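I opened my notebook for this one with a simple plan: look up the rings, then the charges over them, then a few strands. Come along if you like.

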Amino acid sequence: MIDLGVLKGSSFVVLGLARSGLATVRALLAAGIDCAAWDDNEAPRKQAAEAGVRLAEPSSIDWSKVTALVISPGIPNRLPEPHAVAVAARAAGKPIICDVELLARAHDKARFVAITGTNGKSTTTALIGHILTQAGVRCEVGGNIGRGALDLASLGAGGLYVLELSSYQLELLETFQAHVAVWLNITPDHIDRHGDLAGYVFAKEHIFARQQARDCAVIGVDDEPSRAVYGKLRKRGIATVPVKLETPIAGGISYRAGMLVDADGYTVDFADVPTLPGDHNAQNAACAWAACRWLDVPREKIVAGLKSYPGLPHRQERVASVGTVVYVNDSKATNADATARALSSYRDIYWILGGQAKEGGVAPLAPWFDRIRHAFLIGEATELFAGQLEGKLAYSRCGDLQSALDAAHQRAQREAHGTAVVLLSPACASWDQWKSYEHRGDAFRAMARALPGARSLGRAA
C-alpha cells in the first residue's frame, strides 16, 4: 500500500467504491487522513462501512472542509452527464482527481513511466515492467492494469512506477509528471465520455503535461492524430522518440512483426517470440524498447526481456494446441480495431466472434477476410454480423461459445493441412452472455484445454 502520510491534514471525499475507490479509502485511513466515501450501489457501501469507512450522503457533504474529490475514473465528471457529486465539487471550487494523483502527490520524488494509447496499453505496460524486473531494476507496475495505484508498494525517493493510464485517469491529474511518457496510437474510442475525437485526444495529451527537458516522450506516429501530437511535442523541447511501422524515421525506431531497428541502427529480431505476434505487438515492443533505453537498461537485457515475456491473459493468449492447430484467446478484443490486430497476425483462421456489438460491427475487418477459413457467430451480434459477412465469408450461427468452439475445433481438425488457428477475437463486448471479457476468456481457455488431445500452452489455468 502507498504511504499517504505526507498528506495528513487534508480531507477527501471518495466517490466510487470499486477497486480503485476501496484502495484509496484504505490508504487514506491507514495514513490517518480524514475521508468520507460514497457509492450509488448499496453492496459496495455496505462493504466499505464494514471496513470502517465513514459514508456520506452526497447532499450532506460540507465542501468547505474538503481538500479534493477523489473520483473513480469510470464515473463521469463531465460527459455524457456528470455525477451529482462531481457537479457539487466543481461548484465548490474543489479539484476532482483520481488515485494516481494521490500517488504523485505523496511520492513527488519518485520516477514514473506512464503508458497510454487506444490499443496496446496493457501489453506495453506489462512488457516494460517485465524487462525492468528481469534486468534487476526494482519497480512497481499497475494503474489501469492489475493493481490500482495506491495498492502498489511505497518505493521512496527515486522509486520507479510503471503505470498504464486511461484517458479517464489522465484527465484527473494535476501534479503528476511522467518522466517517460509512452503514447502508442489513437483511434476513436470513449467518445461518449469525451464528446468527440478531439476531446479524446486532448484527454490523452495530459500524459505529456508537466514534462520537462530531462524527460522523454515515446510516441507512435502511424496515425494522423498521433502525428499531430508528435509535431506539438517537438516544439516543446522534450526529448521525443518517434516509433513507426516499416519506414526508418530520424531519431526514432522502426518496427514490423518480430523485428525492430533503433535510432543507432541496432536490429532486434524477436520473430520466435509467440507472445508478441503481429505488427501491433512489434509497436508495443518498440515503445517498450525506447522507454527502457531511456532508463539506461542495456540492450542485451532488453532483448532477453522481450524473449522471456510471458504475455497477458486474453490478449492473443495461446492457450492450447491439438496437432497443428493452436487455440488463441483474444477475448480482450472488444472492438473491430483490436480484432484487426489479431486477424493480421495469423493465417488459416477459424474465427469465433460475437457478443454485444460496437458501432460499425465487423465491416471494417473486410481486408483480413482472406485469412479466415470460417467464422463462428455467437451472442447478440449474430444476425448483424451474418448480414455483414453474407457473400464475403463463410459462417455458421452457433449461439454460444462452447458450441462455437466445438464447431471450430471439428472443422479445423478436419481441414487444416498445416498450422492453423482457432481464434476467439469477438470484436464485441461480453455482457450479453458473460460477466466480463475476462470471464469469457477464462471460459474459452478451460474449454480449449478440455478438448480431446489438447496440450496446454502458456500460463497455468
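Predicted model: local features only at pLDDT ≥ 70, side-chain atom pairs only at ≥ 80, totals over all residues.

Below are my entries, in the order I made them.

**Entry 1: aromatic pairs.** I looked up the aromatic pairs and found 4 in the structure. I started with Phe112 and Phe176, whose ring centres are 4.9 Å apart.

Entry 2: Which parts of the chain do Phe112 and Phe176 tie together? I found Phe112 in strand E5 (residues 111–116). Phe176 is in the loop between helix H6 (167–170) and strand E8 (180–183). The two parts are therefore tied together across 64 residues of sequence. I also checked burial: Phe112 is buried, and Phe176 is buried too.

**Entry 3: a stacked pair.** Next I turned to Tyr266 and Trp289. Their ring centres lie 5.8 Å apart with the planes at 20°, so I wrote this pair down as stacked. This pair links distant parts of the chain as well, 23 residues apart. Tyr266 is in the loop between strand E12 (259–261) and strand E13 (267–269), while Trp289 belongs to helix H10 (residues 278–294).

Buried or exposed, I wondered, is Trp289? Its relative accessibility is 1%, and because buried means under 20%, Trp289 counts as buried. Tyr266 has 32% relative accessibility, so I put it down as partly exposed.

**Entry 4: charges over rings.** I then looked for charged side chains above ring faces. The charged end of Arg193 sits over the ring of Tyr168, 3.9 Å from the ring centre. I also noted Lys332, which lies over the face of Tyr437 at 5.5 Å from the ring centre.

Entry 5: How do E10 and E11 run, parallel or antiparallel? I found strand E10 (residues 239–245) joined to strand E11 (residues 253–256) by 3 bridges, and the two run parallel. Lys244 stands opposite Ser254 in E11.

On to E12: E11 pairs with E12 in the antiparallel sense, over 3 bridges. I looked up the bridge partner of Tyr255 and found Leu260 in E12. The hairpin of E11 and E12 has 2 residues between the strands. In that hairpin I marked Gly258, which takes a positive phi near 75°.

How values were computed: Residues numbered from 1 in each chain as written. Heavy atoms only, no water. Phe/Tyr/Trp six-rings, centres within 6.5 Å; stacked < 30°, edge-to-face > 60°. Helix = DSSP H or I, 4+ residues; strand = E, 2+ residues; numbered from the N terminus. Buried < 20%, exposed > 50% of the residue type's maximum accessible area, 1.4 Å probe, protein only. Lys NZ or Arg CZ within 6 Å of the ring centre and 35° of its normal. Pairing = 2+ DSSP bridges.
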